Amino acid sequence: MSDGYFKKRGEKMSVKVGQQCPVEKTVSLLSNKCKVLIIRELLIETQRFNALQRTLGGITQKVLTSNLKEMEKSGLVNREVFPVTPPHVEYSLTSRGRSLEPILETMAVWGLAYMAEEELQLEES
């Protein structure tokens with residue numbers, strides 16, 4: 001990494017003394033599969049709660065609510081409430097949340113390569 005956060009020491013990468021590890025910080029913001037998938041869906045479009053829950057499949061209302069609140073507190077997600085009856089709430093990514101798009105794109109590219117390798121290994125066995 002050329003930004004100076006890491007230096008090679010043998011085979012290990014380490015953070016400079018006295019600095020917070022940027023990888024650790026990023027992982028803490030994306031601390032679970034659910035948060036990464038929420039970001040994936042909100043990169044596509046702004047969504048209402050129920051639509052988001054349907055696209056994520058199998059996630060409970062409690063878990064989704066908790067994750068959205070944490071992500072809103074971290075400045076990744078924007079929650080917009082419309083004053084209508086019944087209540088209408090939409091979730092979208094903030095500019096900070098959108099800045100994670102290259103990370104998810106890299107994960108997708110890596111995942112596709114991994115899946116292709118897995119498929120080749122299955123065909124060979």
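Mentor: The side chain of K35 makes a polar contact with the side chain of E70, at 2.5 Å. This is a predicted model, in which local features need pLDDT of at least 70, side-chain atom pairs count only at pLDDT 80 or more, and totals for chains, interfaces and linings use all residues. Residues are numbered from 1 along each chain as its sequence is written, and side-chain values use heavy atoms, with hydrogens and water left out.

Trainee: What makes the pair of K35 and E70 a polar contact?

Mentor: A polar contact is a pair of N or O atoms within 3.5 Å; within protein, one must be able to donate a hydrogen and the other to accept it, and residues adjacent in sequence count only if both atoms are side-chain atoms. The K35 and E70 side chains are at 2.5 Å, so the pair counts.

Trainee: Why is K35 called buried?

Mentor: Buried means under 20% relative accessible area, exposed over 50%, partly exposed in between (1.4 Å probe, protein chains only). K35 has 5% relative accessibility, so K35 counts as buried.

Trainee: Which residues is K35 in contact with, leaving aside neighbours within four places in sequence?

Mentor: They are L29, L30, N67, E70 and M71; contact means heavy atoms within 4.5 Å.

Trainee: Where is K35 found?

Mentor: K35 lies in helix 2, residues 33–44. Helices (H or I, at least four residues) and strands (E, at least two) are DSSP runs, numbered from the N terminus. The chain has six helices and five strands.

Trainee: What percentage of the chain counts as buried?

Mentor: Of its 125 residues, 26% do.
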